[in-house]
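Have the viewer open while you read.

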2 protein chains.
Amino acid sequence: MNEPANPPRGPVTRAIPEGDDRERLVCADCGFIDYENPKIVVGAVAVWEDGRILMCRRAIPPRKGFWTLPAGYMELHETAAEGAMREAREEACAAIEIERVLAVYSIPRLSQVQIIFRARLLSPDIECGPESAEVGLFEWSGIPWRDIAFPSVRWALGHFDETRGPGDFAARTNPPGEAGEY
Amino acid sequence: MNEPANPPRGPVTRAIPEGDDRERLVCADCGFIDYENPKIVVGAVAVWEDGRILMCRRAIPPRKGFWTLPAGYMELHETAAEGAMREAREEACAAIEIERVLAVYSIPRLSQVQIIFRARLLSPDIECGPESAEVGLFEWSGIPWRDIAFPSVRWALGHFDETRGPGDFAARTNPPGEAGEY
């Protein structure tokens, strides 16, 4: 008989690993330590030539039916900017070009960091991806303010509006071509 | 006998979970899915009143013996700025005040995002924490350029030097007091 009498449980026990200073989730069956880390959401305020902003109405929970910016969890082995471009493609079939980091938001309750870029929409041809019920380009006055999905969507729109000019300082990203040096 | 003939192995098998579109690490014993996410490093270029910059010589691998900025993995339930303050405290017993986001670096090979702040050192009294062999305050001309631990330390120092002025645009962080709205 190869099956254990009790099936393994996964990392559900809290313990302080040797040499560490705080509790981690540990699997009592095999000792695997699940180091939980904050998660990164990447997204963009993407703007068409005429100033209209790309937004998506959510087809899935949380906040199904409410409007958001294209954004989602960053994946392994991509840059934050690549992740934001991927999310615009997945959620609105939109091609965007990243301009600069607009904002970095921390949401400690959710252990989440959101990195939001300012971006140019390269074509007004957009379409719903599987997570969107509707996609649209909104003038500032037409933004569905009463049906916004998350506080950070409102923050990002406000920060975008405050920083429409070119500005002379933006948060920096990797020097071109240097990521490969690691 | 309660022990399985073969001990559980933890999430070491690669498979595409139902409804997902890419491979994840799965535990073949209990089905636990280990969603691997990029990790966040938070750190600071922290400057004393006279312009000298706080640096730490690493007492541990990787790059033991080389100089770095105070930085490390962000923990759960803290903001990026709180994490950068904690790292300065842990690595150099330094009290710092965050000014603004200086840079956001992506290192896709390591699936890492580094969020580096510009900060003020509140006191020149610094001391080695357990991960530092030496800590110091460096004038620009005295920075140990030949013994820098990581490329992003060089990037951050360069970006700091480029943006010494107040500037009129910085990447934004949470509106004051609004993180609790989530």
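1. Ground rules. This is a predicted model, where local features need pLDDT of at least 70 and side-chain atom pairs count only at pLDDT 80 or more, while totals for chains, interfaces and linings use all residues. Residues are numbered from 1 along each chain as its sequence is written, chains are lettered from A and ligands numbered from 1 in the order in which they are written, and side-chain values use heavy atoms, with hydrogens and water left out.

2. Layout of chain A. Chain A has two helices and 10 strands (DSSP runs numbered from the N terminus: helices are H or I with at least four residues, strands are E with at least two). Along the sequence the order is β-β-β-β-β-β-β-α-β-β-β-α. Of the 182 residues in chain A, 50% are buried; here buried means under 20% relative accessible area, exposed over 50%, and partly exposed in between, with a 1.4 Å probe and protein chains only.

3. Domains. Chain A is split into domain 1 (1–36) and domain 2 (39–162), with bounds that come from an automatic or database domain assignment. The C-alpha centres of these two domains of chain A are 37 Å apart. Val12(A) sits in strand E1 (residues 11–15) of chain A and, at 57% relative accessibility, is exposed.

4. Arg120(A) and Glu97(A) form a salt bridge at 3.2 Å, N to O. This one links distant parts of the chain, with Arg120(A) in strand E9 (residues 112–121) of chain A and Glu97(A) in strand E8 (residues 96–107) of chain A, 23 residues apart. Arg120(A) is partly exposed at 36% relative accessibility, and Glu97(A) is partly exposed at 36%. In chain B, look at Arg118(B) and Glu99(B), whose closest N and O atoms are 2.8 Å apart in a salt bridge. That pair also links distant parts of its chain, from strand E9 (residues 112–121) of chain B to strand E8 (residues 96–107) of chain B, 19 residues apart. Is Arg118(B) buried or exposed? Arg118(B) counts as buried because its relative accessible area is 11%, whereas Glu99(B) is partly exposed at 38%.

5. A histidine to check. His159(B) is in helix H2 (residues 151–162) of chain B and is buried at 10% relative accessibility. Its side chain makes a polar contact of 2.7 Å with the side chain of Tyr105(B) (a pair of N or O atoms within 3.5 Å; within protein, one must be able to donate a hydrogen and the other to accept it, and residues adjacent in sequence count only if both atoms are side-chain atoms).

6. Cavities. There are two cavities of 30 Å³ or more. A cavity here is a set of points, on a 1 Å grid over the protein atoms alone, where a 1.4 Å probe fits but cannot get out, and lining residues have an atom within 4 Å of a point. The largest cavity holds about 40 Å³ of space, and its lining includes Cys56(A), Arg58(A) and Glu131(A). Volumes are the space filled by probe spheres set on the points, with grid points joined across faces, edges and corners.

7. The peptide bond from Pro61(A) to Pro62(A) is cis, with omega near -5°, and Pro62(A) lies in the loop between strands E5 (53–58) and E6 (67–68) of chain A. In chain B, the bond from Pro61(B) to Pro62(B) is cis too, with omega near -5°. Arg63(B), in the loop between E5 and E6 of chain B, is not a glycine but has a positive phi of about 65°. Ser111(B), likewise not a glycine, has a positive phi of about 50°; Ser111(B) is in the loop between E8 and E9 of chain B and is buried at 6% relative accessible area.

Definitions and conventions: A salt bridge is a side-chain nitrogen of Lys or Arg within 4 Å of a carboxyl oxygen of Asp or Glu. On a 1 Å grid over the protein atoms alone, a cavity is a set of points where a 1.4 Å probe fits but cannot get out, and a pocket is an open set with protein on both sides within 12 Å along at least five of seven lines; lining residues have an atom within 4 Å of a point.
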